[in-house]
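Subject: Structure handover

Hi,

Here is the structure we talked about. My notes on cavities and strand pairing follow it.

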Amino acid sequence: MRNPSNSEVFSIVAISLVFLQLTSGTGTHGNNGIGPFQNVANRATYGVCTSTVGYGTCMRRADCLQAGGETPPGDCAMKGTYCCTGFMGCGDTAHLKRVYIEREDIFDMNCNHNIIMINENICQLRLDFEEFELSEPTIVGGVPMCLVDSFQVKDFELCGVNDGQHVYVDVTPGTQLNVELTFTLMDRVTNPALVNPRWRILVTQIECAPAAAAFARGGRALMEDVPIEVVEDSREPRVLHSAPPAYILDQDILAPRGCLQYFPNPSGMIESFNFQNGMGTYPGNMNYAICFRRRPNDKRITFTTHFFQLGFTILSADNEGYDNICFTQIESPGRSEDYLFIPQAVRQTFPNVRASYFCAQSLANTSVIATQSGPFVIHFNSDSLYEPQRPEIGFRMSYQIS
């Protein structure tokens, strides 16, 4: 008898994982946050649904309940499907397309959540922080760090207040079977003055096309390219997600690989982490890409700032915070290199200033236009230096693609 191939083994494992149960936490189910699907066209056909307790996936009731979800009243249009909404507490495991991580009334100081990939084509997770508040970053050795409380997924760490933010997590299709999301908190009993933590995070598994997923894992093809979520036996096939195939409809929110944040709509608002309406401090040692969808006829992206205050070391009358002030051509230890990088941007002042690196208050109360070729991508960087007399608050900007 031949040994099963890796694809067959994965298929058996993935099918078996459907039967894993998700133990619902005791957190309060609300729907007050900002979700990724509010402005996506054809949301009803996408398989996304809105229930009385949050976003979910249109599924058969039996499949939803077996996978550990709930079926509250929702807006699924396909006959025989219900809005399957899942919830996780500390120590829970989930095997659902969409699931909420909620803080429980009684929570552990080390709170781990295990997300199991629903099939071999999952290439990203999108985490939407509908609610998120932990203790503020602590200045340690001159660096704002998540020392008291932290949320971590892979090598990304976050703390402070981040309601309405989101992040993407890259997954290796077919190889990475699960992703762990962990909260590490300081004891509130012995430290009652600490902020009461809260979180409600929508986790969405995003599928790549089978060919793209195979390429991402090194060219290994799928077993007959049959979606694993369709289980074939003598009974009626159990289709866990609505047609058309999820990987086609997931293109609406599929981010370019390597982007920590992705904005698929032609206009919107972006801000740094822990911004808090201009009262926060962004964490140190961050370096990430913010990406935007570029449609075939798009020529430019315009950023209009509502607040801008990044770290800096030296300013001059001729340079109020761009390019060499923010990122020196010759490495200079001890100089701040916090910046927002907008390739080939033109700051709309008189006279107009052409630059790519912006720091200090160089973008306060103005706008920039970028017409670079290729994808619309900007980068944020914060270093390990912090000087209290030069607050590192962050930025809030609206964008318009045209």
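G311, F312, S336, L385, Y386, E387, R390 and E392 line the second largest cavity. A cavity here is a set of points, on a 1 Å grid over the protein atoms alone, where a 1.4 Å probe fits but cannot get out; lining residues have an atom within 4 Å of a point. The lining splits into three nonpolar, two polar and three charged residues. (Nonpolar: Ala, Val, Leu, Ile, Met, Phe, Trp, Tyr, Cys and Pro; charged: Asp, Glu, Lys and Arg; polar: the others, Gly among them.) The space inside is about 40 Å³, a volume being what is filled by probe spheres set on the points, with points joined across faces, edges and corners. The structure has three cavities of 30 Å³ or more.

The model is predicted: local features need pLDDT of at least 70, side-chain atom pairs need 80 or more, and totals for chains, interfaces and linings use all residues. Numbering starts from 1 along each chain as its sequence is written, and side-chain values use heavy atoms, without hydrogens and water.

Now the strands (DSSP E runs of at least two residues, numbered from the N terminus; two pair if DSSP finds at least two bridges between them). β21 (301–309) runs antiparallel to β24 (367–370), with four bridges. T304 partners S367 there. β21 also pairs antiparallel with β26 (394–401) over eight bridges, Q309 with G394 being one of them.

A five-stranded open sheet is ordered β5-β7-β14-β11-β12, with mixed pairing. β5 (93–94) and β12 (156–158) each have a single partner strand, so one side of each lacks a neighbour in the sheet. Within it, β11 (150–153) and β14 (178–184) run antiparallel, joined by four bridges. S150 has T184 as its bridge partner.

Best wishes

Key: 1 Å grid on protein atoms, 1.4 Å probe; cavity = no way out; pocket = protein on both sides within 12 Å on 5 of 7 lines; lining within 4 Å.
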